[in-house]
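Let's take a friendly walk through this protein model, one spot at a time. Keep the structure in view as you read.

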Amino acid sequence: MLAATTLPRWDMRSVFPGVDSPEFLEAVGSLSGRVDALRDSFDKHGVGEIKSRPNAAEVKGTFEAITDEFNGCYDEAQTIFAYLGCLVAVDSRHDAAQQKLSELQTRMVDFWKLETRLNAWIGCLPIEELIELSDVARNHSFALKKAQVLASHQMTPNEEDLAADLAPSGSQAWGKLHGNFTSRLSVTFQGESLPMSAVRNLAYSDDRTVRREAYEAELDAWSRNEFVIASALNGVKGQAIALNRRRGWKSPLEEAIFRANIDLETLEAMMAASREAFPAFRRYLGAKARALGIPKLAWYDIFAPLGSESKVWDYEEGKKLVLRTFATYSDKMADFAIRAFREEWIDAEPRDGKRDGAFCSGIRKDESRIMMNFKPSFGAVSTLAHELGHGYHNLCLNGRTKMQRATPMTLAETASIFCETITRQAALEECGPGDRIAILEASLQGACQVVVDITSRFEFEKAVFGRRVERELSSTEFCEIMREAQLNTYGDGLDSEQLHPYMWAAKPHYYGFSFYNFPYMFGLLFGLGLYARYLESPDDFKGRYDDLLSSTGMGSAAELAEGFGIDVRSPEFWRSSLAVIESDVNAFVEAVA
């Protein structure tokens, strides 16, 4: 087993030497100057102040100049925000980075106001005529049409300015509190004080006693800190409800669906097909319980390892598998992975002050950073491939403007799921019988989380929004809602007396965008559908696939899927993707029998 101290930490010095370095301070100063210049351009050209529909020919030059300035400003902001976000994600006690991030969020309120003004201005433009006249407008047509819809949901300019001013002290502050507070939680486990991320990683232990005691210690820690975390959740959801109401959205879900570039018909088709598949997932959970020699899985058994793995899935072995797999797919993907490892883009070591989970953050142009908490297992290798898939997506988006790169979560999971899938298939081809069980189980673990658990999170959030309209909710109520959602989705697949009522505290997704859940399910099932197309015609698929990844901010999910003969509004498509998972369930049940 690879010692935790040898796991890699990412190199952020290639972005900036430090938060107090001349290079970073110069970049912040440059960004501040660009925001001021952009505001002056808006004032000069009356952006956001149009009272009547202008002539397309007259506004063409102004539109093109403003679009170029806006995209350039956004690019600079992304690099600086991503840099600071990465620093605090792995070290919440990095006070200098926290201070700079707070300063920048306050300073960038002016920029968010300009974005609101830009949307209002676009809402008044003759978009179709402008698209005919301008290549810039034509290349940004999807973003312009989305901006028109957003313009119809804006409050008055003064109200939007006030909302922007309050955001750093409102939902952003609540989200930051949750991240910083939970990353610093210490959990007493077997007489030792451990960070929460380390205790949650013990869910992967092969010792059931360790898993149970870690689960109990985790729940105890959440219960002792539930008031602060519940306050954060109430704050985030309360602001979302208030702003969505004032902006004319029927509900936070309606706004989330729009942001995801899908429609209600697509969401309902996907959710209905997924519910139909719950019995297959419960068969998987039952088979795992039998393989573990227990009558029924408790929550702390969900991630228990199975199989007599002869292969040691430490970080180096996982890295080798990913490199082999990506090279089999294409030279472009292989070269990308080699660069990511060589240039130290990955931070894999669990440690105190580091947030739980995993993510990939685009830093600049084709460069990304990946954070994860590696625990020797095939599941962690799968996570590594998944996050590298996000990085490959960023590579394919390079060359697009910021407005063209605005990929929704539904499509942001496309490359990650695809890379995860090809890595799993490669591992299955190389493995022995004991490894096969472990790999199938790791895959089904992930699928169960993304289909069954995501549905529970979706149900939880819908219920919370429904009740939060009237008043704040107590931590006890959050736990009750979460437990009911888990019962409704996992059903008899888990021991109903040993669920996880504090998942609302553990998951950071509730403390940012509303309904940061169903897009993961869309991503998994859409990715599996694309993988099936790849198997049908690999050579034809590869070129079109990279084009798809480069265009994920330039069309709706339905429009982009049509290029591969996929109808996302049809339950049949989602059933076909879920059938791939069910075939893995059948193979797993047979293997452990």
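## Ala 287 and its surroundings

Leaving aside neighbours within four places in sequence, Ala 287 is in contact with Phe 588, Val 589 and Val 592, where contact means heavy atoms within 4.5 Å. Ala 287 lies in helix α15; helices (H or I, at least four residues) and strands (E, at least two) are DSSP runs, numbered from the N terminus. With a relative accessible area of 0%, Ala 287 is buried. Here buried means under 20% relative accessible area, exposed over 50%, and partly exposed in between (1.4 Å probe, protein chains only).

Before going on, a word about the model: it is predicted, so local features need pLDDT of at least 70 and side-chain atom pairs count only at pLDDT 80 or more, while totals for chains, interfaces and linings use all residues. Residues are numbered from 1 along each chain as its sequence is written, and side-chain values use heavy atoms, with hydrogens and water left out.

## Helix α11

How many residues does helix α11 have? The helix, residues 208–224, has 17 residues. From its first C-alpha to its last it reaches 24 Å, close to the 24 Å expected at 1.5 Å a residue; the expected span is 1.5 Å times one less than the number of residues.

At the N-terminal end, Asp 207 caps α11, with a side-chain oxygen 2.9 Å from the backbone nitrogen of Thr 209. The buried residues of α11 include Val 210, Arg 211, Tyr 215 and Trp 222. Among the elements that the buried residues of α11 pack against are α9 (171–183), β1 (186–189), α12 and α15 (278–292).

## Where α12 meets α21

Two packed helices are described by the angle between their axes and the distance between the axes. The axes of α12 (residues 226–246) and α21 (residues 433–468) come within 10 Å and cross at roughly 70 degrees. Axes are lines fitted to C-alpha atoms, for helices over the stretch in contact, and angles run from 0 to 180 degrees between N-to-C directions. That makes α12 roughly perpendicular to α21, because angles of 65 to 115 degrees count as roughly perpendicular, under 35 as roughly parallel, over 145 as roughly antiparallel and the rest as oblique.

On the α12 side, the contact residues include Leu 233, Asn 234 and Lys 237, and on the α21 side they include Phe 460, Glu 461 and Arg 468.

## Two glutamates

Glu 459 is in helix α21 and is buried, with a relative accessible area of 19%. Its side chain makes a polar contact with the side chain of Arg 275 (2.6 Å). Another polar contact joins the side chains of Glu 459 and Asn 488 (3.5 Å). A polar contact is a pair of N or O atoms within 3.5 Å; within protein, one must be able to donate a hydrogen and the other to accept it, and residues adjacent in sequence count only if both atoms are side-chain atoms.

Glu 367 lies in strand β5 (residues 367–371). At 7% relative accessibility, Glu 367 counts as buried. The side chain of Glu 367 makes a polar contact with that of Arg 369 (3.0 Å).

## Two loop residues

Is Lys 365 buried or exposed? At 74% relative accessibility, Lys 365 counts as exposed. Lys 365 sits in the loop between β4 (359–364) and β5. By contrast, Asn 261 is buried at 7%, in the loop between α13 (252–259) and α14 (264–276).
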